[in-house]
Amino acid sequence: MSLKDDYLSQVRQARTDHKKWVNQIRVIVSGLQNDKNIIALNPSEDSFGMWLYSKAMAYSISNSKLVLNDMESLFDACYNQYHKIYAVLFKEESGSIFSSLFGSKKASISDYKLANQYYEILLEKSDQLLNKLRIFENQLTATNFEKFESVLSSEQNSVKEEITPKKKEQRYYRGSLIEN
Amino acid sequence: MENFSDVQYILTSFLMLFAGALVMWMAAGFAMLEAGLTRTKNGVVILLKNMLLYAIASIMFYAIGYNLMYGGEGIFTGDIAFALSGINYSDHSLMADFFFQVVFVATAASVISGVVAERIKIWPFMIFVAFLTSFIYPIQGHWSWGGSALGGFMNGFSDFAGSTIVHSVGGWAALAGVLLLGARNGKYTKNGGVRPIPGSSLPLATLGTFILWLGWFGFNGGSVLAMGTKEDVDSIAGVFAATNMAASFGSLTAAIATQMLYKKIDLTMVLNGALAGLVAVTAGPNLGMFAASVDGIVAGLLVVFFVSFFDKIRIDDPVGALSVHLVNGIWGTLAVAIWNPEVTFMMQIKGIVAVGLFTFITSFILWFILKQTIGIRVTQEHEEEGVDLHETGLEAYPEFSKNN
């Protein structure tokens, strides 16, 4: 498998991961699932987020930069909606005797209604995100192998340089070693 | 003008006044150097100390010190009299002489300020300065410049402008203080390591050093104490040139030494190197350019070595004043015996020991009394937050403060 094929398969996997994430939220807002730990609260810990912030960004120096920026904004917007849903459905009455005795307060019907409204917005943002992902995939498909590999290898090299710290020289102040 | 002696009187008095003004400017140099080599959170107290010590030195030396140093024929001290009473000179103005001498006293006090910086309380420091400038400095000064020679013990001791009498005295008094005061919090680690505390402004420290360098022309040049003849002027010019040469070699040597030891040039050591050269040559700036050059080279090496040495024995000196003024005050005084055939090492050692012992012991007792009574060190909390806020309520750089 070439580098390009490998990269395209990762894009498809990312799409699948994102759809799975949206479906998990649909299950939550419909009341079928009330495990708040099923979805990561931090976007960078989510499967799609991990791909977006690492592998996808490796291609951001080419003409896909704009579409990747759009994807990042939309993904943030999706997560903003999820945070609102989380706050509504999994809220706790902190400090009350009852909450400490019986756990978190159960969400009401009106809470679920509000969560569904947030979910509708999330779904809209998610559709936009998937559209952008499709554009990104098309751009990658249209790129010839040589250019694709040169872009990725130069980016990977620069990433490697950033990760590998330069050997720091020892510095002294008035004869005492300054710790870096 | 009635005769030639009047011209001599005028010119000599003018030399003292002009040189005195240059030396007074050294107070600014000390303030900038100290402020630059310490942290901004302590800047106000440092400036305040340098300002007030000069004021206290001026008042106390006028009221008591000058008579103790130059009045009378006593072996141990001069006259206990008030405000220059009973003293007169025929060849120059008394007030010119007083003004020139008083700025030297302030210089000795300034040395202490740098060593105890960033953890000393203001008022105990000021009380110490008042005693130093009223009694300690004038009494030891009476043995040499006052002419008593301590009953013959210090016969032949030669210290032209005060490597020992001014600079080492400041150094010994500071050493006594810092032994009782202790190091700044965090300077030394429990496992014996030294944690550098970089200064806040190297441009300020450099400006301070240049001001001191300029002031030193007055310090050494004025110490010729006569400008009545062509030979006097030649002597003054020679002293100026030798002073400049020692500072030049001191700074250059420190630069080369730090490059070799630490693979990079340390500006703060170069600044100290220049000052070390100046302190060293102060005992004999009239001994020629070669002597000044060697004085400066050795001083530059000594300062680089002793800054690390004092850290190794856990004596925390933020500005390197002990290495500059105490160590090189001793070196410069000893070096006179190398270049001046009329002076022996024994004569110089006796003078160094007498002045050193007297200054260190009296200073230690005074610091100890202050420590036991009103305390000399700020609290740990105040030290961490910076002494400025607690001692003065002000900040040196309020725009950059986290409190705003």
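Welcome! Start by selecting Ser148(B), which sits in chain B in the loop between helix 4 (122–144) and helix 5 (163–181). Keep in mind on this tour that the model is predicted.

Is Ser148(B) buried or exposed? Its relative accessibility is 16%, so Ser148(B) counts as buried. Now show its surroundings: setting aside residues up to four places away in sequence, Ser148(B) touches Gly74(B), Ile75(B), His142(B) and Trp143(B). Zoom in on Ile75(B), whose backbone oxygen is reached by the side chain of Ser148(B) at 2.7 Å. Then try Gly74(B): its C-alpha atom is 6.8 Å from that of Ser148(B), although 74 residues separate the two along the chain.

Next come the charged pairs. Side chains of opposite charge can pair when their charged atoms come close. Over all chains, the count is nine salt bridges.

Move to chain A and select Arg15(A) and Glu137(A), whose side chains meet in a salt bridge at 2.5 Å, N to O. This pair links distant parts of the chain, with Arg15(A) in helix 1 (residues 3–29) and Glu137(A) in helix 5 (residues 109–142), 122 residues apart. Arg15(A) is buried at 13%, and Glu137(A) is buried at 12%.

Stay in chain A for Asp70(A) and Lys132(A), a salt bridge with its closest N and O atoms 3.2 Å apart. Asp70(A) lies in helix 3 (residues 65–89) and Lys132(A) in helix 5, so the pair ties together parts 62 residues apart in sequence.

Finish in chain B with Glu383(B) and Arg377(B), which form a salt bridge at 2.7 Å. Glu383(B) is buried at 3%, while Arg377(B) is partly exposed at 23%.

Terms used:
Residues are numbered from 1 along each chain as its sequence is written. Chains are lettered from A and ligands numbered from 1 in the order in which they are written. This is a predicted model: local features need pLDDT of at least 70, side-chain atom pairs count only at pLDDT 80 or more; totals for chains, interfaces and linings use all residues. Side-chain values use heavy atoms; hydrogens and water are left out. Helices (H or I, at least four residues) and strands (E, at least two) are DSSP runs, numbered from the N terminus. Buried means under 20% relative accessible area, exposed over 50%, partly exposed in between (1.4 Å probe, protein chains only). Contact means heavy atoms within 4.5 Å. A polar contact is a pair of N or O atoms within 3.5 Å; within protein, one must be able to donate a hydrogen and the other to accept it, and residues adjacent in sequence count only if both atoms are side-chain atoms. A salt bridge is a side-chain nitrogen of Lys or Arg within 4 Å of a carboxyl oxygen of Asp or Glu.
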